[in-house]
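This report describes one protein chain from its computed geometry. Overall form comes before pairing and single residues.

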Amino acid sequence: MQHKVTTTDSHPSPGGGILTMVTGDLAVDGNVTTPLKFAQTFLLMPTPDGSWFIHNDVFRLNYG
(Lines give C-alpha, C1' and ligand atoms only; values in the text may rest on other atoms or scores of the structure.)
Protein backbone atom coordinates (compact mmCIF):
# COMPACT_ATOMS: atom_id res chain seq x y z
CA MET A 1 0.00 0.00 0.00
CA GLN A 2 1.31 3.42 -0.96
CA HIS A 3 -0.17 6.83 -0.22
CA LYS A 4 0.34 10.32 -1.61
CA VAL A 5 -0.92 13.32 0.36
CA THR A 6 -2.34 16.09 -1.87
CA THR A 7 -3.77 18.55 0.69
CA THR A 8 -3.42 19.19 4.41
CA ASP A 9 -5.37 21.72 6.46
CA SER A 10 -4.89 22.26 10.20
CA HIS A 11 -6.72 24.47 12.68
CA PRO A 12 -6.43 25.05 16.43
CA SER A 13 -9.18 23.60 18.60
CA PRO A 14 -10.31 24.30 22.17
CA GLY A 15 -8.12 22.74 24.82
CA GLY A 16 -4.92 23.26 22.82
CA GLY A 17 -5.68 20.60 20.21
CA ILE A 18 -5.07 20.60 16.47
CA LEU A 19 -7.79 19.53 14.04
CA THR A 20 -6.25 18.25 10.79
CA MET A 21 -7.78 17.14 7.49
CA VAL A 22 -5.72 15.30 4.86
CA THR A 23 -6.72 14.24 1.33
CA GLY A 24 -4.79 12.20 -1.19
CA ASP A 25 -4.36 9.07 -3.27
CA LEU A 26 -4.02 5.50 -2.03
CA ALA A 27 -2.39 2.89 -4.28
CA VAL A 28 -3.48 -0.61 -3.24
CA ASP A 29 -1.46 -3.69 -4.32
CA GLY A 30 0.95 -1.50 -6.31
CA ASN A 31 -1.78 -0.12 -8.59
CA VAL A 32 -0.45 3.43 -9.06
CA THR A 33 -2.31 4.02 -12.36
CA THR A 34 -5.78 4.14 -10.73
CA PRO A 35 -5.32 5.05 -7.06
CA LEU A 36 -8.25 5.37 -4.68
CA LYS A 37 -9.00 8.84 -3.29
CA PHE A 38 -9.06 9.21 0.49
CA ALA A 39 -9.84 11.79 3.14
CA GLN A 40 -8.82 11.65 6.78
CA THR A 41 -9.67 14.01 9.63
CA PHE A 42 -8.18 13.67 13.09
CA LEU A 43 -7.95 15.65 16.31
CA LEU A 44 -4.58 15.75 18.07
CA MET A 45 -4.71 16.64 21.76
CA PRO A 46 -1.77 17.45 24.06
CA THR A 47 -1.02 15.52 27.23
CA PRO A 48 0.33 17.04 30.45
CA ASP A 49 3.77 15.47 29.83
CA GLY A 50 4.19 17.31 26.48
CA SER A 51 3.31 14.49 24.09
CA TRP A 52 0.24 14.19 21.83
CA PHE A 53 -2.49 11.63 21.25
CA ILE A 54 -5.18 11.14 18.60
CA HIS A 55 -8.51 11.91 20.26
CA ASN A 56 -10.72 11.30 17.20
CA ASP A 57 -9.95 9.88 13.75
CA VAL A 58 -12.19 9.57 10.66
CA PHE A 59 -10.87 7.87 7.51
CA ARG A 60 -12.89 7.66 4.29
CA LEU A 61 -12.22 6.02 0.92
CA ASN A 62 -13.89 8.11 -1.81
CA TYR A 63 -14.89 5.79 -4.60
CA GLY A 64 -18.00 5.14 -6.59
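Which residue in the turn of the hairpin formed by β1 and β2 has a positive phi? Gly15 does, with a phi of about 85°, and the hairpin has 3 residues between its strands.

The model is predicted: local features need pLDDT of at least 70, side-chain atom pairs count only at pLDDT 80 or more, and totals for chains, interfaces and linings use all residues. Residues are numbered from 1 along each chain as its sequence is written, and side-chain values use heavy atoms, with hydrogens and water left out.

**Overall form**

The protein chain has 0 helices and 4 strands, in the order β-β-β-β along the sequence. Its radius of gyration is 14 Å, well over the 11 Å that the globule rule gives for 64 residues, so the chain is more spread out than a compact globule. That radius is taken over C-alpha atoms, and the globule rule is 2.2 Å times the number of residues to the power 0.38. Helices (H or I, at least four residues) and strands (E, at least two) are DSSP runs, numbered from the N terminus.

Along the principal axes, the C-alpha atoms fill a box of roughly 45 × 20 × 15 Å. Of the 64 residues, 20% count as buried. Here buried means under 20% relative accessible area, exposed over 50%, and partly exposed in between (1.4 Å probe, protein chains only). The chain exposes about 4800 Å², with carbon and sulfur atoms supplying 60% of that area; accessible areas come from the Shrake-Rupley method with a 1.4 Å probe, and for residues only the protein chains shown count as cover. Among contacts with a separation of 6 or more, 26% are between residues 24 or more positions apart, a contact being heavy atoms within 4.5 Å.

**Strand pairing and the salt bridge**

Strand β1 (residues 2-13) runs antiparallel to β2, and 11 bridges join them; two strands pair if DSSP finds at least two bridges between them. Ser13 has Gly17 in β2 as its bridge partner.

The count of salt bridges comes to 1, where the rule asks for a side-chain nitrogen of Lys or Arg within 4 Å of a carboxyl oxygen of Asp or Glu. Asp25 and Lys37 form a salt bridge, with their closest N and O atoms 2.8 Å apart. This pair links distant parts of the chain, since Asp25 is in strand β2 and Lys37 is in strand β3 (residues 36-46), 12 residues apart. Side chains of opposite charge can pair when their charged atoms come close.

**Single residues**

The table gives relative accessibility for selected residues.

| Residue | Relative accessibility | Class |
|---|---|---|
| Thr20 | 7% | buried |
| Asp25 | 14% | buried |
| Leu36 | 29% | partly exposed |
| Lys37 | 45% | partly exposed |
| Asp29 | 76% | exposed |

Thr20 is placed in strand β2 (residues 17-27). Its side chain makes a polar contact (a pair of N or O atoms within 3.5 Å; within protein, one must be able to donate a hydrogen and the other to accept it, and residues adjacent in sequence count only if both atoms are side-chain atoms) with the side chain of Ser10 at 3.1 Å. Beyond four places in sequence, the contacts of Thr20 include Thr8, Gln40 and Phe42.

Leu36 is in strand β3. Leu36 and Asp25 are 11 residues apart in sequence, and their C-alpha atoms are 5.5 Å apart in space. Leaving aside neighbours within four places, Leu36 has contacts that include Gly24, Asp25, Leu61 and Tyr63.

Asp29 lies in the loop between β2 and β3. Asp29 is not a glycine, yet has a positive phi of about 55°.
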